[in-house]
Amino acid sequence: MFSVFSALSARRRTGRRPGAARLAAATLTGGIVMAGVLAGAGTAVAEDTPQSPGGATATITGLKTYGTAVIRENGEEQQVSAGLFEMSVEGGGMLQTYCVDLNNPTQRDARYHETSWSGTSLQGNKDAGRIRWILQNSYPQVNDLAALAKKAGAAGLTEQDAAAGTQVAIWRYSDGVDVEATDSQAEKLADYLQKSARNLAEPEASLSLDPPAVSGHTGERLGPVTVRTNADSVTLTPPAAATADGVKVVDDSGKAVTSAANGSRLYFDVPEKAAAGSAELTLEASTTVPVGRAFASETRSQTQILAGSSESTVSAVASANWAEKGAIPALSAKENCAVGGVDIKASNEGDEPFTFELMGIKHTIDAGTTETVTVPLQEDQPYDFTIRGPNGFEEQIKGVLDCATETEAAEFGDSVQTLSEPSPATAGAASASGTDLAETGSSDATLVIAGVAIALLVVGGGAMLLVRKKKAPTQE
């Protein structure tokens, strides 16, 4: 029914992670330091693992089932392809998605991560829940096209009509554009879906951990890390290296565990004589990803929303940091489109405060407390930060902030996916699959802003850091 895999990797504090030397750093005695660059997706940057909240990771393979639509704005018309994309999941599985980011380009072979609506342009969209209703009540979730056509008052629907009509209805809510399907039957479906849609709650992640990072003293159980998943089971198999160091993954009773389920609470059991160190627990399972989950790319490529999933591999990583005494930080990050930046959650389970400096401002996290520092960023701005702390602690945070649809930031038509544009997937040859991805140009970095101070000063003419207590995101 499902396949699972997990690995716990322990590392001594003997040096930096690979690639860390490429990042600029400033020294702050007795605390942690943060260095960063805002960069494009160049070769050196792409070698590092981006921040991911957990769930499915997939590569877009093309626009597979689609028709055409016409966008009207300022007296102009533009024809675009409208329909269903496919993605190949890392570890196995296929996803079907629609676009919720019309005027951004779709990059060939872009890599996507499952994410919450709060980290995408759906944040603050009062109609995001209506999009989920459309997904649940149209193609491909409803594959009886005759029945769907009857509800829509259409004479009949092909798969291409159904996909085009569904995409058009979604665009009306996701991008707020004046758009119509060119096929009359597809247009009837779009009108029916738009008028019938009602708000539904955001779906839960296929796999996530709360929190994803913990810390504490040697001789203690660090955690708990609560597993949230719709998979039947997740198996935990620590490797020999971690077992030899005496680090175990246990449950509430302190018993070593080999499996987990939704709601399971996991702990890192660290021996009292263990040297200061850290470990990562990677959980993998196979499940269907809930319809309506958002998928954001590592590069500037159209945000997608899930319409269908096969049995697919999902994963999440929990990290633990321990020491005998002093400040013992745990860090995690999440994009927050409500404030246009990245929330860096910093907790300290040590017995001394720890301090870090960001944009010339020092922040002190008292022992036993947790705070969130919000780093404001520009729309579509790649970011790459490394945070270092006591005993060689180091955490890299990277990604691309994509919080707005392109219609809010560019002239109409500048980067819309059109049927007449050459497609990287099909240029020079006919495509039996009908793949049609818009030309996007190079994804290599064209500008690197060295130093987090310079990078953040461009935001609103100045830099501003918001330090606040972490609040749970709300749903429509």
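Me: Is cysteine 99 buried or exposed?
Reply: The model is a predicted one. The relative accessible area computed for cysteine 99 is 0%. A residue counts as buried under 20%, so cysteine 99 is buried.

Me: How many disulfides does a search of the whole structure find?
Reply: Two sulfur atoms of cysteines must lie within 2.5 Å to count as a disulfide. Cysteine 337 and cysteine 403 meet this cut-off, with their sulfur atoms 2.1 Å apart. The search of the whole structure gives a count of one disulfide.

Me: Which parts does the pair of cysteine 337 and cysteine 403 tie together, and how many residues apart in sequence are they?
Reply: Cysteine 337 is in the loop between β19 (329-336) and β20 (341-348). Cysteine 403 is in the loop between β25 (394-400) and β26 (449-450). The pair therefore ties together parts whose separation in sequence is 66 residues.

Me: Is the link of cysteine 337 and cysteine 403 left-handed or right-handed?
Reply: Both cysteine 337 and cysteine 403 are buried. The angle about their S-S bond is -80 degrees, and the link is left-handed.

Me: Where is threonine 374, and what does its side chain contact?
Reply: Threonine 374 is placed in strand β23, residues 369-376. Its relative accessibility is 1%, so threonine 374 counts as buried. Its side chain makes a polar contact, at 2.6 Å, with the side chain of aspartate 343.

Me: How many residues of strand β6 are buried?
Reply: Strand β6 spans residues 111-115 and is mostly covered. Of its five residues, the number buried is four.

Me: Which residue of β16 is the bridge partner of tyrosine 112?
Reply: β6 also pairs with strand β16 (residues 294-297), in the antiparallel sense and over four bridges. In β16, tyrosine 112 has as its bridge partner serine 297.

Me: How many aromatic pairs are counted?
Reply: A pair of aromatic rings is described by the distance of the centres and the angle of the planes. To pair, ring centres must lie within 6.5 Å. By this rule, the number of aromatic pairs is zero.

Me: Which residue lies over the face of tyrosine 267?
Reply: A charge over a ring must be within 6 Å of the ring centre. At 5.0 Å from the ring centre of tyrosine 267, the residue over its face is arginine 221.

Key. Residues are numbered from 1 along each chain as its sequence is written. This is a predicted model: local features need pLDDT of at least 70, side-chain atom pairs count only at pLDDT 80 or more; totals for chains, interfaces and linings use all residues. Side-chain values use heavy atoms; hydrogens and water are left out. Helices (H or I, at least four residues) and strands (E, at least two) are DSSP runs, numbered from the N terminus. Buried means under 20% relative accessible area, exposed over 50%, partly exposed in between (1.4 Å probe, protein chains only). A polar contact is a pair of N or O atoms within 3.5 Å; within protein, one must be able to donate a hydrogen and the other to accept it, and residues adjacent in sequence count only if both atoms are side-chain atoms. Rings of Phe, Tyr and Trp (its six-membered ring) pair if their centres lie within 6.5 Å; planes under 30 degrees apart count as stacked, over 60 as edge-to-face and the rest as tilted. A charge sits over a ring if NZ of Lys or CZ of Arg is within 6 Å of the ring centre and within 35 degrees of the ring normal. Two strands pair if DSSP finds at least two bridges between them.
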